[in-house]
Amino acid sequence: MAYTDKSKLRVVYGDYTLGVHGKEFNYIFSYAQGGLESIVKNGYEWLYRCPKPTFWRALTDNDRGSKFHIKSGSWLSADMFIDCKDVQVFMDGEVQKIYAPDNNSYEGDVSADEIRVQYTYETINTPSTTVVVTYTVDITGKIQVNVHYNGVKGLPEFPVFGMRFVMPTLADKYLYKGLSGETYPDRKAGAIEGVYEVSDLSLTPYLVPQECGMRMDTEWVDIVRHTSLDNSRTDYSSQTLRIEKKDEPFAFSCLPYTASEIENALHHEELPPARRTILCIYGAVRGVGGIDSWGSNVEDEYCISAEEDIDYSFTIC
Amino acid sequence: MNADIRWIDNPEIFRVNQIAAHSDHDYFTNYEALNSNSHNLIQSLNGQWKFCFSRNAMSRPADFYKEDYDTSYFDKIMVPGHIELAGYDQIRYINTLYPWEGKTYRRGAYSIESAGDGTGMFSEAEYNPVGSYIKKFDLDKELCGKRVRLFFEGVEQAMYVWLNGEFIGYAEDSFTPSEFDLTPYIREKDNVLAVEIHKMCSAAFLEDQDFFRFFGIFRNVSLRALPEAHVEDMWLNPVLNEDNVSGTLNTNIRVSATENQDMCARIILKNVDDQVILERNIELEDKDGDFVGSISDDIKDIKKWDNHTPYLYKAYIELLKADGEIIEVVPYRIGFRKIEIKNKVMLLNGERLIINGVNRHEWNPKTGRCIGLEDMVSDINCMTRNNINAVRTCHYPDQIPWYYMCDDAGIYVMAETNLESHGSWQKLGAVEPSVNIPGSISQWREVVVDRARTNYETFKNHTSILFWSLGNESYAGDDIKAMNTYFKERQDGRLVHYEGSFYTRQYEDTISDVESRMYAKPYEIREYLSNHPKKPYLLCEYMHDMGNSLGGFDSYIKLIDEFEMYQGGFIWDFIDQAILVKDHVTGKEVLRYGGDFDDRPSDYEFSGNGIVFADRKEKPAMQEVRYYYGLYR
């Protein structure tokens, strides 16, 4: 098991974290932070904080009109604060004892074909529910992310369900294969499939900042950055991180702000300077509706029940 | 006659000494002027005027119109423009509520006993700002010695006019032209034009549109000299027969002339290749001091007008002296098309009409409802580009060029009359018409019929207009019924639209040719159309595109295939109404909406429902509009 075969993953069983390393990739899975803490590719960091399940997209004017926030507002707090209850690590299919002093038994770096890290999150809303996020790293460095949401009777409808990645600096652009423009489940018939490049990450300038920038039915998205928070870095070349679909296409948005930041602004100029990249990969997205802005809900087929399980997956390449 | 400040209180006085509403045609003194589009008989009065702002009528400089009045303390203001955007009065946005909500208790005159006849309601109000405008001008050479009219294209909301100290007239109806004869008082040099504008008058009850509440001279002002003989009004009514290739052109003209004119009139009709289709003299006869003439001509091999091929013929009305010299030539481009209801389905030129429409307010983020030709061109192009084939001029008549552009582009127009009294009958969402204006109140009847008349008379020659709309969200009563009667009596073949019959079924048969709804849910439409529907169905407003919206379009589009009688609708709406201002914190230009000017109460961001942003950039949802509207174009 000791790290001898350079073609395999090099696994470091730390006291707070699990290091998973390979050719030009270095991943840190944190027990303390409750999530994937670091994705380094070619020496370049892609994460600022651990990806967490997200349950909120900023309200639209139609949501406000239909009092969606009054019915489903508890998901906002669930989105902002979540507890990581459990972490499990599987190496080549076997569950590992990861905490000190058990990790003394590894006696050094370890090699593996596959590492699977499974985080179980518990929400703070009532009734509470859990989300299980499983990261599976293979020797090529691909991370397959499987996300399972446990539906619980009595929970109000979701605005979205997905995973939120916060990147240290603002992206230069992103490219994706999917649908043209800003699309939603109930507003994508006019979109054209293709590969698109978006270099302006700013919010769609709706009068009041609100949910925007959704891209449905995506095959892959490449985030391109060159800036870094690493004071020692002198390489300013463009770096790319790709997220691709596993089985089904996914929805995503890539904006400089979190939903709660957007929620707090009544005008665009009230938003802070754009300094991060917030990439959300969604497994379920609520429509925007359009019948009116003072009561009509989004049509039934475009609403998301939180009483039923949601499973989706994607791959970080 | 002297002006009376109490006219602003009185719903029965709304036009004094105005020239009767008439066709919006252009006129030239000869073909050379026409071909070079030179309007040497028109003198623009746009530009800098002297201006004085007062908080109310009591404190206004009442004598400012007198020639010896010392206006040295007056400010300067640009015309056209809104007084609020010039910084004099608070910018304010509110939707259905009257702008005095929570500040002044008001009920429309005669709507309830306590309101009485309204005397003092506006003229003695503590807050009802007045703009006193002065323009000094010399008459352009070409205008001297001729009959001269003063032509306001839009003044909000009540206006008194004096020239050289003499009272000229009074006008309301903010969104249609107001025209006065200056001939008796005008001089070649040193004319003093004085215009006193009141922010609110009794018409405030009729102009409760969902928009920023502005006042002032916000559209062009000009002097218009008339040739010795002048087509005052004309109605070119092209009728297309069932076969879509033959028809009739009915020509009606009314001519005014200075004394002793021996003249004749002629109509010439040319196709787009300048081939003469028709050339005929029109016999004129004396009538009430003017000359009128009517002829009808059969036309063959007609190319019909529609959205796909907006074919327009060129008509010319010529007024000639006995020796054949042209006195005046009036060009107008007209199309042959037929709108009708057959078997409860609206047909255009015999085919089922599908309305892929949008409501459009006139808006520019820098200048408000004072918009320029470039804004209109941009809007037409945007509509054409995105398969939009119809526009509702919500909720007032637009600037004149807009209708010409719609004729040209084949955009079907629902021409709405300047009327909305939403605040008088809907309270906290509930229908509560106890003090509805105009309702069935006789004292309010003439003013609303006059608005219908002005709308009709001004725009009747526009091929693009398929519908007259009685107004928006004003409930229903005998007065609105009288507006419908007015339009019906014109027998111009167009349909009449009003949504209010939904609330008041007793007027169902007398105020609208169509079943019109706003924001009906798809299942409600299905319900109506599945249960012995009486009329073809359209949505005068639907798909409320506030912020990030326009989802679920499919559910409406499906109805087009499902029900022959479902004929589409007008998206709410075209452009976000927001105002570009300098942010006091960052110094950057930012967009502001209701409540951002300390205006309370407000409906805040509810003014932003466009399919384009306030700067006319397309919202992301536009690709959806283009797609669905493209399916049924």
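Strands here are DSSP runs of E with at least two residues, numbered from the N terminus. Two of them pair if DSSP finds at least two bridges between them. The model is a predicted one.

Start with strand β5 of chain A, residues 44-45. There E45(A) is the bridge partner of V40(A). Two bridges join β5(A) to β4(A), and the two strands run antiparallel. They form a hairpin with two residues between them. In that turn, N42(A) has a positive phi of about 50°.

Now step back along the chain. Strand β4 of chain A spans residues 35-41, and strand β3 of chain A spans residues 25-30. These two also run antiparallel, joined by six bridges. One pair to look at is I28(A), which stands opposite S38(A) in β4(A). The hairpin of β3(A) and β4(A) has four residues between the strands. Within this hairpin, G34(A) takes a positive phi near 70°.

Next, the interface. Chain A puts 33 residues in contact with 33 residues of chain B. On the chain A side, these comprise twelve nonpolar, 13 polar and eight charged residues.

Finally, turn to chain B. An unreviewed UniProt entry annotates residues 339-630 of chain B as "domain: Glycoside hydrolase family 2 catalytic".

How values were computed. Residues are numbered from 1 along each chain as its sequence is written. Chains are lettered from A and ligands numbered from 1 in the order in which they are written. This is a predicted model: local features need pLDDT of at least 70, side-chain atom pairs count only at pLDDT 80 or more; totals for chains, interfaces and linings use all residues. Two residues are in contact if their C-beta atoms, placed from the backbone, lie within 7 Å. Ala, Val, Leu, Ile, Met, Phe, Trp, Tyr, Cys and Pro count as nonpolar, Asp, Glu, Lys and Arg as charged, and the others, Gly among them, as polar. UniProt positions are given in the numbering used here, feature names are shortened, and annotations may be inferred rather than shown by experiment.
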